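Please look at the ligand site first, then at the aromatic rings. The report below takes them in that order.

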Amino acid sequence: MLAKPQPQELAREQDDEFARAVIYGLSRPQKTLPCRYFYDAHGSNLFERITELAEYYPTRTEAGILAAHAREMTDALPAGGALIEFGSGSSRKTELLLDELSERAAYVPIDVSPDALAQARARLAQRYPGLDIWPIVGDFSQLPCLPHALKARPKLGFFPGSTIGNLTPADASRLLARFKSLLSSEGRLIIGIDLKKDRAMLERAYNDSSGVTAAFNLNLLARINREIEPAFDLGAFTHAAHYNDREGRIEMHLVSRNDQRFAILGHRFTMRAGETIHTENSYKYSVSQFQALARCSGWKPVRVWTDPDTLFGVHELA
Ligand code: AVJ
């Protein structure tokens with residue numbers, strides 16, 4: 001019989017997974033690193049700072065849309081229902097919906113970080129004393145099982161922040177289909193996605209003048225240095241972000257300043273001056289493009305709310 005893994009072994013397993021993903025990504029012709037590893041404690045702080053930048057419009061614009069239309073977004077969920085949030089993090093934006101829902105619904109935040117869940121739960125329990133909170137530690141993309149007591153309830157999914165924009169359209173469609181099976185046939189989904197717009201405004205949002213996005217991008221290498229081994233000279237890389245018009249996405253890269261070599265756990269890598277590590281995609285969708293993607297995934301688009309400048313879209317799918 002296998003012994004139950006001890007916490008230390010679990011941590012080791014996660015390290016191994018990180019190291020394996022890094023070595024795999026850096027071994028490809030176009031070097032890549034998965035963007036989910038941006039969010040260690042440092043990276044999460046840097047991302048918080050990004051959301052407050054003048055140039056980074058998505059977070060505040062989406063919050064404005066949620067605040068203006070929370071009543072409509074939640075009106076389809078009957079009393080006794082459950083609001084299920086995928087990748088809830090600090091659950092800040094959720095308060096805009098809970099202000100309407102807390103008297104009649106349960107809240108199920110799903111997140112990989114137990115700390116973030118515990119903090120959010122403590123804050124929400126204070127603010128909404130009657131709210132029934134069922135945190136689930138897990139990766140929303142791996143479709144955790146809902147507690148039995150929740151399965152039969154009417155469900156409203158919530159996936160804000162344009163997080164789905166990190167996925168290719170094919171992967172995004174698969175994720176939407178998985179959400180559909182978790183939320184069952186009567187369920188609805190409120191999902192935020194950044195809209196296509198003028199290239200200059202998009203590129204400003206990912207090349208801010210205070211260099212916070214650059215620090216966020218470089219933190220991926222700093223994290224490898226901290227958690228795997230000190231492999232990178234951070235001064236030998238620069239941040240670059242550009243809009244790829246053909247693919248409809250912002251791409252973030254780390255550009256090698258010169259010819260260099262480095263090794264990670266005995267695996268040797270070389271880079272030429274100007275060669276890049278592709279670290280993130282952030283896809284942008286017009287309203288009709290996103291609705292088409294939703295339809296392909298088995299959802300019916302119901303309503304969409306945007307801000308007055310049509311920078312960001314919040315969709316209701318049924
Ligand atoms: C959290 C994925 C929505 O793509 O805009 C912000 C991440 N990267 N600045 C985005 C991000 C650089 C963000 N998402």
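Tyrosine 56 has a side-chain N or O atom 2.5 Å from an oxygen atom of the ligand. Tyrosine 206 also places a polar side-chain atom 2.5 Å from a ligand oxygen. For serine 282, the distance from a polar side-chain atom to an oxygen of the ligand is 2.6 Å. The model is predicted, and these distances are computed from it.

On its own, the ligand has 350 Å² of accessible area, and the protein covers 96% of that.

## The shell around the ligand

Which elements give two or more residues to the shell around the ligand? They are α2 (41-51) and β12 (276-283).

The shell includes the aromatic residues Tyr39, Phe47, Tyr56, Tyr206 and Phe216. Ile50 and Met252 are also around the ligand. By class, the shell holds seven nonpolar residues, four polar ones and one charged one.

## An aromatic cluster at the site

One aromatic cluster is made up of Phe38, Tyr39, Phe47, Tyr56, Tyr206 and Phe216.

## Aromatic pairs

How many aromatic pairs does a search of the whole structure find? It finds 15. One of them joins phenylalanine 159 and phenylalanine 179. Their ring centres are 5.2 Å apart and their planes meet at 80°, so the pair is edge-to-face. An angle over 60 degrees is what that class requires.

This pair links distant parts of the chain. Phenylalanine 159 is in strand β6 (residues 155-159), and phenylalanine 179 is in helix α7 (residues 169-183). The two are 20 residues apart. Phenylalanine 159 has a relative accessibility of 2%, so this residue counts as buried. Phenylalanine 179 is buried too, at 1% relative accessible area.

Phenylalanine 232 and phenylalanine 237 form another edge-to-face pair. Here the distance is 5.7 Å centre to centre, with 75° between the planes. Both phenylalanine 232 and phenylalanine 237 are buried.

## A charge over a ring

Which residue lies over the face of phenylalanine 18? Arginine 223 does, at 4.8 Å from the ring centre.

Definitions and conventions
Residues are numbered from 1 along each chain as its sequence is written. This is a predicted model: local features need pLDDT of at least 70, side-chain atom pairs count only at pLDDT 80 or more; totals for chains, interfaces and linings use all residues. Side-chain values use heavy atoms; hydrogens and water are left out. Rings of Phe, Tyr and Trp (its six-membered ring) pair if their centres lie within 6.5 Å; planes under 30 degrees apart count as stacked, over 60 as edge-to-face and the rest as tilted. Helices (H or I, at least four residues) and strands (E, at least two) are DSSP runs, numbered from the N terminus. Buried means under 20% relative accessible area, exposed over 50%, partly exposed in between (1.4 Å probe, protein chains only). A charge sits over a ring if NZ of Lys or CZ of Arg is within 6 Å of the ring centre and within 35 degrees of the ring normal. A residue is near a molecule or strand if one of its heavy atoms lies within 4 Å of it. A polar contact is a pair of N or O atoms within 3.5 Å; within protein, one must be able to donate a hydrogen and the other to accept it, and residues adjacent in sequence count only if both atoms are side-chain atoms. Accessible areas come from the Shrake-Rupley method with a 1.4 Å probe; for residues, only the protein chains shown count as cover. Ala, Val, Leu, Ile, Met, Phe, Trp, Tyr, Cys and Pro count as nonpolar, Asp, Glu, Lys and Arg as charged, and the others, Gly among them, as polar.
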